[in-house]
Amino acid sequence: MNWFRNKDTLYGFLVILPSLVLLGIFVYGFIFQTFYTSLTDWGRDPAQALSANPQIRFIGLENYRELFTGFVDARFRQDLVNTFFFTVFFILGCLSLGLGLAIVLDRSPKGEGFFRTIFLFPMSLSFIVTGTIWRWMLQPQGGVNQLPTLVGLPRGEFAWLTSREQIWQVSWNDLPFITALVVSAVLVFIAIAAFRGGERRRGYIASGSAALLLLWALTLGRSLQPLPFDELHGFNLAFIGIILAAVWQMSGYTMALYLAGLRGIPEELREAARVDGASEWQLYQRIIFPLLAPITLSAMIILGHISLKIFDLIFAMAGADNAPTDVPALLMYLTTFRANQIAKGAAIGMILLLLVAAVIVPYLYSQLKSEVRR
Amino acid sequence: MIGRVVQYAVLFVATLFFLLPVYLVIVTALKEPSAITLSSTWQLPQVWYWESFVQAWTAFLPKLQNSFFLTVIATLLSAMLGSLNGYVLAKWRFPGANIVFPLMLFGMFIPYQAVLIPLFQFIREIGLGGTLWGLILVHVVYGLPITTLIFRNYYAEIPDEMIEAGRIDGAGFFGIYSRIVFPLSVPGFVVVIIWQFTQIWNEFLFAVTLVSSPANQPITVALAQLAGGEAVKWNLPMAGALLAALPTLLVYIFLGRYFIRGLLAGSVKG
């Protein structure tokens, strides 16, 4: 035990040990078990699904193959597209509303504390409460659609959660190609930023990978066809209502983050810029927004992982069975606990985990690395 | 001048956006079921009908009790453990602590769908299936990362000289905790307890999957079921939503400052 500095450090380790063991089992052990389950056929035979000693066979990545390219799992692919659009609009909504409100509140209007309390209170509610309220707000014949009648305008006609419309349709077969294009555009953007900032090495790596990706997309990318037929997926307009409710609930969070950031910018800095003749807009554009960039990144990551996991809000607003507003988190619940397709549910859970990990792991890494440096 | 006008106009519109749903909930909850029609949604009730709250209260009282029982016990346990863990990680860094801590933190971000199936089996196998104690165990364990994080960042502010002084006075690991660190922890406990209370009270996924019998349901599950049923008139779900929201709302209104601190602590850096 001589690698413990002394007896007290050993006590410390023994005190934290139970927590470590519990988390080891409940997080990593269970993730591993879910992964193993996702490689089996548990639940394919309905008779085996609920038996006390089910006969389970190992079938490799078959469940994943079916989810991405199988005929029956079109719903899962639409759910992925749903999550994508939901995430994009939810983050955009929260960031812009939160930033706008924070800027206004930062100028210390009368009643600032009152307004801050109002804008942040939905954060203390359960998604179930929010969902219940907005379900009633968005009734096609009432609620929000009735608002124009209060000022003498005709009633709104949008069907909200019951809408079946879909726009911006793309074939699932085109997605690898489009993804490659989008990612290389981002890489080019990073490369330009790096060259401008004088980080040449980073610029070369980014532009090199962009070129490779583009080359792949333009040559082989088109021939990668996951499905033998075109399957169209797009943005379900029913999600607009869900996005609205989610922004209502979470934009207070970004407001609080931005407000804390704005309050941290010293007054002297703003004064100096004003003395140099910067207009109010230039002050924000050149000085304040760049200083808020790290907050924007953290907010995007936190909001992004929330939106990937969103479950309760949709459950309460539209019900678990409303196909146009389905997401993978809900589908996992339905597949596992209603349809008893346990292995397939496990596969959906693992895909969700991978998506969240792709966002969270780099974030944790950079947060903790900068902390050590501090 | 124009700037001021725009500023207050923005605040006014934003306030409407945030408060209109609240107005609608209260108004709907106070209407007679027969007076709730879609076209008169926004009008004030003609007769104030308090009966909805009586009905919602009788229907939801057992569920509220379940939620209270579950939330209070799980919150206190996870706060205690978090405090001890945070103390260890901030002041007694054992070998490997730098690796263990990020691994712990990852646990608070995972989508619980990725552990739900083994978790469900595990809870059933240890004989806690469908009970509130099973749910308490789950909330304590998955609450550990955030409570540990908040306490660790909080204790990092305590100067090492104070710990050193305690050691010179002959206090050991536990003595320093109980005589120096714990007495300084009250604000940390307030932040953590408020945070965990809100989270566990509002939680839904574990509650809906792990608790099957209606007798043990927490309030969120009962509310989702009531509002999801098509036959119910809307006054009841609205009154129920108010009841379900009230505890966390009161905490927010009276202890908002600490609530926000917990909120910001969730983005990892202290």
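**Figure 1. The two domains of chain B in the predicted model.** By an automatic or database domain assignment, chain B is divided into domain 1 (1-49) and domain 2 (55-265). The centres of domain 1 of chain B and domain 2 of chain B, taken over C-alpha atoms, are separated by 33 Å. Six residues of domain 1 of chain B are in contact with seven residues of domain 2 of chain B, where two residues are in contact if their C-beta atoms, placed from the backbone, lie within 7 Å. The side of domain 1 of chain B that touches domain 2 of chain B holds four nonpolar, one polar and one charged residues; Ala, Val, Leu, Ile, Met, Phe, Trp, Tyr, Cys and Pro count as nonpolar, Asp, Glu, Lys and Arg as charged, and the others, Gly among them, as polar. This is a predicted model, in which local features need pLDDT of at least 70 and side-chain atom pairs count only at pLDDT 80 or more, whereas totals for chains, interfaces and linings use all residues. Residues are numbered from 1 along each chain as its sequence is written, and chains are lettered from A and ligands numbered from 1 in the order in which they are written.

**Figure 2. The fold of chain B.** Chain B has eleven helices and zero strands, these elements being DSSP runs numbered from the N terminus (helices H or I, at least four residues; strands E, at least two). The C-alpha trace of chain B spans about 75 × 65 × 30 Å along its principal axes. Of its 270 residues, 49% count as buried, a residue being buried if 20 or more other C-beta atoms lie within 10 Å of its own, exposed if 12 or fewer, and partly exposed in between, with C-beta atoms placed from the backbone. Among the contacts in chain B with a separation of 6 or more, 77% are accounted for by residues 24 or more positions apart.

**Figure 3. The packing of helices H2 and H11 of chain B.** Helix H2 (residues 51-91) of chain B packs on helix H11 (residues 235-265) of chain B at an angle of about 50°, their axes lying 9 Å apart; axes are lines fitted to C-alpha atoms, for helices over the stretch in contact, and angles run from 0 to 180 degrees between N-to-C directions. That angle makes H2(B) oblique to H11(B), since angles under 35 degrees count as roughly parallel, over 145 as roughly antiparallel, 65 to 115 as roughly perpendicular and the rest as oblique. From H2(B) the contact draws on residues including B:Phe53, B:Trp57, B:Phe60 and B:Leu64, and from H11(B) on residues including B:Leu236, B:Ala239, B:Gly240 and B:Leu243. The residues of this contact of H2(B) with H11(B) divide into eight nonpolar, four polar and no charged.

**Figure 4. The side of chain A that touches chain B.** In chain A, 83 residues are in contact with 72 residues of chain B. Helix H1 (residues 7-38) of chain A supplies the largest share of this side, 18 residues. By class, the side of chain A that touches chain B has 54 nonpolar, 23 polar and six charged residues.

Figure 5. A:Phe189 lies in helix H7 (residues 175-196) of chain A and is exposed, with 12 other C-beta atoms within 10 Å. A:Phe189 and A:Ala206, 17 residues apart in sequence, are 8.7 Å apart in space, C-alpha to C-alpha.
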